Amino acid sequence: MTLDALPDGWVVWNQEPTDLVLVYRPDIFDTDAFPAPCLPTLYVTRGRRSRRPGRSEPDPDDPWIVTLYLEPEIDGPTREFDDRTAAETGAARLAERFASGEIDYRSFYQHPREAYLDRLDELTGRET
């Protein structure tokens, strides 16, 4: 699977030499239908997004990291890859797993917001 064949709802939001951002349904995470901070986002970065301050460029031997964020403080799966091509493929596969219901996003919440997650279930076609 490649970025050209992302599952329905996933789009490339931003693409730079050392990072890539994929988002799920930005058309509805607009603060009216769903809260904008809850936009499911896949970050593909060279090195960790939490690099220490003052180090804006990753080291050449840093791995590529793919992380699913459900909200600013709610991280989903994280995977490491040796190169950008593998990381893009990994991100596309993770997007597919999310879209197909393989990822139980409810399990990442210590204190689930049931009403919001029920609405997300409806949006993604999952049964509650």
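Analyst: Arg106 is partly exposed, with a relative accessible area of 22%; buried means under 20% relative accessible area, exposed over 50%, and partly exposed in between (1.4 Å probe, protein chains only). Arg106 forms a salt bridge with Glu114, whose closest N and O atoms are 2.7 Å apart. Salt bridges that share partners join Arg106, Glu114, Asp118 and Asp121 into one network. A salt bridge here is a side-chain nitrogen of Lys or Arg within 4 Å of a carboxyl oxygen of Asp or Glu. Glu114 is also partly exposed, at 42%.

This is a predicted model, in which local features need pLDDT of at least 70 and side-chain atom pairs count only at pLDDT 80 or more, while totals for chains, interfaces and linings use all residues. Residues are numbered from 1 along each chain as its sequence is written, and side-chain values use heavy atoms, leaving out hydrogens and water.

The structure holds 7 salt bridges. One of them links Glu88 and Arg84, with the closest N and O atoms 2.8 Å apart. Both residues lie in helix H1 (residues 84-100), 4 residues apart, about one turn of the helix; helices are DSSP runs of H or I, at least four residues, numbered from the N terminus. Glu88 is buried, with a relative accessible area of 19%, and Arg84 is buried at 17%.

Another salt bridge joins the side chains of Arg97 and Glu102, at 3.6 Å from N to O. Arg97 is partly exposed at 27% relative accessible area, whereas Glu102 counts as exposed at 54%.

Methods. Helices (H or I, at least four residues) and strands (E, at least two) are DSSP runs, numbered from the N terminus.
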